[in-house]
Amino acid sequence: MRGTGPDRRKKTATSRTRVHVVSDVHGNTRALARAGDGADALICLGDLVLFLDYADHSRGIFPDLFGVENADRIVALRTARRFEEARAFGRDLWAGRDRNAAILEGVRKQYAEMFAVLPTPTYATYGNVDVPALWPEYAGPGTTVLDGERVEIGGRVFGFVGGGLRTPMNTPYEIGDEEYAAKVEALGPVDVLCSHIPPEVPELTYDTVARRFERGSRALLDAIHRTRPRYALFGHVHQPLARRMRIGVTECVNVGHFASTGRPWALEW
């Protein structure tokens with residue numbers, strides 16, 4: 001049974017609202033089951049799937065299929081930005097296997113476990129490694145999935161933009177810049193801008209462990225300047241140069257540390 005956590009929507013007129021925000025869950029089901037404790041709602045900004053853990057190469061769909069030694073090798077190639085070699089190495093590993101079927105089997109197993117522990121209510125959007133087509137099968141009635149859409153929580157308007165922009169990594173939910181910008185534009189002014197990827201700011205997009213810039217969104221940055229939300233919340237970059245910074249009146253916060261810390265970021269008003 002999905003969405004069976006406590007229903008936190010019953011509030012008095014004078015009570016405060018508290019939401020917990022997570023991103024980049026990457027298979028940490030045990031911590032996800034506790035992420036909504038003490039909050040009126042849980043917000044999840046995607047990347048539930050763990051394909052390969054860059055910190056622990058024994059975890060994820062890839063090492064389950066090919067072993068830790070091969071996981072070590074592909075991480076080393078990608079970290080060195082030797083993407084062509086990484087793709088060639090991957091092709092050799094996948095030769096003779098039904099790649100799509102094997103990955104989807106692993107994704108389905110992870111989704112079944114994680115969606116089952118989400119509390120009511122949960123508001124969620126996709127990460128770049130998620131498979132949106134599968135979410136309707138696993139998201140229970142207590143989970144609202146939003147992408148290019150708004151919702152009101154405790155009197156504040158939250159806008160959600162899921163997925164990532166196209167990269168050489170070619171992860172499952174990467175889209176073009178124009179399509180992504182259209183989703184941002186569709187939100188209009190919001191109090192809290194929620195996305196999986198960060199705005200295009202060097203301090204927010206550089207990963208200090210992977211030693212590379214991840215793709216951030218110029219459209220998100222433009223929306224922050226134009227509509228001036230109170231907060232911009234995002235993940236995607238696991239070890240950013242800056243976890244938090246202010247752009248004008250907007251507090252930008254990277255909440256994408258959940259897989260390693262198991263701790264949600266809290267917002268209360």
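Colleague: Is Arg 82 buried, partly exposed or exposed?
Modeller: Keeping in mind that this is a predicted model, Arg 82 counts as partly exposed, because its relative accessibility is 36%.

Colleague: And which residue does Arg 82 form a salt bridge with?
Modeller: The partner of Arg 82 is Glu 85, and the closest N and O atoms of the two are 2.7 Å apart. Glu 85 is partly exposed too, with a relative accessible area of 38%.

Colleague: How many salt bridges does the structure hold?
Modeller: There are 13 of them. One of these joins Arg 226 to Glu 185, with 3.4 Å between the closest N and O atoms. Arg 226 belongs to helix H9 (residues 218–227) and Glu 185 to helix H7 (residues 177–187), so this pair ties together parts that lie 41 residues apart in sequence.

Colleague: What about the exposure of Arg 226 and Glu 185?
Modeller: Arg 226 is partly exposed at 49% relative accessibility, whereas Glu 185 counts as exposed at 53%.

Colleague: Which residue meets Glu 251 in a salt bridge?
Modeller: That is Arg 246, at 2.8 Å from N to O. Glu 251 is buried, with a relative accessible area of 12%, while Arg 246 is exposed at 51%.

Colleague: Changing topic, in what order do the strands of the open sheet run?
Modeller: The six strands follow the order S5-S6-S9-S12-S14-S13, and their pairing is mixed. S5 and strand S13 (244–247) are the edge strands, each pairing on one side only, and the twist from one strand to the next averages 20 degrees.

Colleague: Mixed how? Which way do S5 and S6 pair, parallel or antiparallel?
Modeller: Strand S5 (residues 149–153) and strand S6 (residues 156–161) pair in the antiparallel sense, over five bridges, and Val 151 has Phe 158 of S6 as its bridge partner. Two residues separate the strands of this hairpin, where Gly 154 takes a positive phi near 55 degrees. By contrast, strand S12 (residues 231–234) and strand S14 (residues 250–254) run parallel and are joined by four bridges, with Phe 234 standing opposite Asn 254 in S14.

Colleague: Which strands does H7 lie across?
Modeller: H7 lies across S5, S6 and strand S9 (192–195), and it runs at about 170 degrees to S6.

Colleague: What about H5, how far apart are its end C-alpha atoms?
Modeller: They are 24 Å apart, which agrees with the 24 Å that the 17 residues of helix H5 (residues 99–115) should span at 1.5 Å a residue.

Colleague: Which residues of H5 are buried, and what covers them?
Modeller: The buried residues of H5 are Ala 102, Ile 103, Gly 106, Val 107, Gln 110, Tyr 111, Met 114 and Phe 115. Their cover includes H1, helix H2 (61–66), helix H4 (83–94), helix H6 (135–138) and strand S4 (143–145).

Colleague: Where does Ser 23 lie?
Modeller: Ser 23 is in the loop between strand S1 (18–22) and helix H1 (29–32), and it counts as buried at 0% relative accessibility. Its side chain reaches the backbone oxygen of Leu 45 at 3.4 Å. Beyond its neighbours within four places in sequence, Ser 23 is in contact with residues including Leu 45, His 196, His 236 and Phe 258.

Colleague: Since His 236 came up, what is its phi?
Modeller: His 236 has a positive phi of about 75 degrees although it is not a glycine. Most residues other than glycine have a negative phi. His 236 sits in the loop between S12 and S13, and it counts as buried at 13% relative accessibility.

Colleague: And what is phi for Arg 228?
Modeller: Phi of Arg 228 is near 55 degrees, again a positive value in a residue other than glycine. Arg 228 has its place in the loop between H9 and S12, and counts as exposed at 54% relative accessibility.

Colleague: Last one: is the peptide bond from Thr 120 to Pro 121 cis or trans?
Modeller: That bond is cis, with omega near 0 degrees, and Pro 121 is found in the loop between H5 and strand S3 (122–124). Most peptide bonds are trans.

Definitions and conventions: Residues are numbered from 1 along each chain as its sequence is written. This is a predicted model: local features need pLDDT of at least 70, side-chain atom pairs count only at pLDDT 80 or more; totals for chains, interfaces and linings use all residues. Side-chain values use heavy atoms; hydrogens and water are left out. Two strands pair if DSSP finds at least two bridges between them. A salt bridge is a side-chain nitrogen of Lys or Arg within 4 Å of a carboxyl oxygen of Asp or Glu. Buried means under 20% relative accessible area, exposed over 50%, partly exposed in between (1.4 Å probe, protein chains only). A polar contact is a pair of N or O atoms within 3.5 Å; within protein, one must be able to donate a hydrogen and the other to accept it, and residues adjacent in sequence count only if both atoms are side-chain atoms. Contact means heavy atoms within 4.5 Å. The expected span of a helix is 1.5 Å times one less than its number of residues. Axes are lines fitted to C-alpha atoms, for helices over the stretch in contact, and angles run from 0 to 180 degrees between N-to-C directions.
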